[in-house]
Amino acid sequence: ALRANDLAQLAATDTSLIWSPRSNIATYGNTIPLPVANRLGVRLALGTDWTVTGSTNLLRELACADRLNSLYFSNALTDQQLWNAVTANAAEVAGVGTSLGALAPGRLADIAIFDGRVRTGYRAVVAAQPEDVALVIRGGIVVYGDTSLVSVLRLSGCELLNVCGRPKNLCVQAETSFTFAQAQTAAGAGALPAFECGAPALEPTCTPSRPVSVASSTI
């Protein structure tokens, strides 16, 4: 685990950190001292690591990060900082900051739009559920989203899905030659579902713990 001194070294050398909190906790029982990293100015990106110990997708990793931030770290990060960890910061850390991570002229039009009618501002992204993903555009081409939006932006090559009670259109057959049902069959019975409504049943824990008491601590 990274200690305060390690984080200070990262900040001093302008080294970025990819944080995978669910995987950290599921594997080691704890994660980085996030308030220290933030106070030192360490650039933070959020990653899912892998599905064995991590989250099935980035929204679930955001849910874990948000939970830790509020319950254990006294809201050391703002919603905007959590949002930055999956947008601009993530692009910079991956070395593609001149192409992705911001809505700006000359950037690739990879855009995700979230329903902000109930949750507003950055919270609309940080606390989003699968049904809240209103539109996904990759390279300027609509690939997924609410049927009411996709139907007026793309006229063909889409199939209808029910995502947690909300009608969505998925438009990837032209690229993959697979329908969604065919992709599910090809993945096999043991594959994780494309989405789950609420917390996934077999999701690794996001609650810090240790197997035994240490120096009279709780577990």
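A disulfide is taken here as a pair of cysteine sulfur atoms within 2.5 Å. The model is predicted, and the structure holds three disulfides. With bonded cysteines counted along the chain, their pattern is 1-6, 2-4, 3-5.

**Disulfide Cys64–Cys206**

- Cys64 and Cys206 are joined by a disulfide with an S to S distance of 2.0 Å.
- The disulfide is right-handed, because the torsion about the S-S bond of Cys64 and Cys206 is about 85°.
- Cys64 belongs to helix H4 (residues 58–71) and Cys206 to the segment after helix H10 (180–187), so the pair ties together parts that lie 142 residues apart in sequence.
- Both Cys64 and Cys206 are buried.

**Disulfide Cys158–Cys171**

- A disulfide also connects Cys158 with Cys171, at 2.0 Å from S to S.
- The link of Cys158 and Cys171 is right-handed, with 100° about the S-S bond.
- Cys158 sits in the loop between helix H8 (147–153) and E6, and Cys171 in the loop between E7 and helix H9 (173–176); the two are 13 residues apart.
- Cys158 has a relative accessible area of 27% and is therefore partly exposed, since partly exposed covers the range between under 20% (buried) and over 50% (exposed).
- Cys171, by contrast, has a relative accessible area of 1% and is therefore buried.

**Disulfide Cys164–Cys197**

- The sulfur atoms of Cys164 and Cys197 are 2.0 Å apart in a further disulfide.
- The torsion about the S-S bond of Cys164 and Cys197 is about -105°, so this disulfide is left-handed.
- Because Cys164 lies in the loop between E6 and E7 and Cys197 in the segment after H10, the pair ties together parts that are 33 residues apart in sequence.
- Cys164 counts as partly exposed, at 24% relative accessibility.
- Cys197 has a relative accessible area of 52% and so is exposed.

**Strands E6 and E7**

- Strand E6 (residues 159–163) and strand E7 (residues 166–170) run antiparallel and are joined by five bridges.
- One of the bridge partners is Pro167 in E7, which pairs with Asn162.
- E6 and E7 form a hairpin with two residues between them.
- In the turn, Cys164 has a positive phi of about 55°; Cys164 is also a member of the disulfide with Cys197.
- The covered face of E6 carries Glu159, Leu161 and Val163, whereas Leu160 and Asn162 are on the uncovered face.
- In a regular strand, side chains alternate between the two faces of the sheet.

Technical notes. Residues numbered from 1 in each chain as written. Predicted model: local features only at pLDDT ≥ 70, side-chain atom pairs only at ≥ 80, totals over all residues. Heavy atoms only, no water. Buried < 20%, exposed > 50% of the residue type's maximum accessible area, 1.4 Å probe, protein only. Helix = DSSP H or I, 4+ residues; strand = E, 2+ residues; numbered from the N terminus. Pairing = 2+ DSSP bridges.
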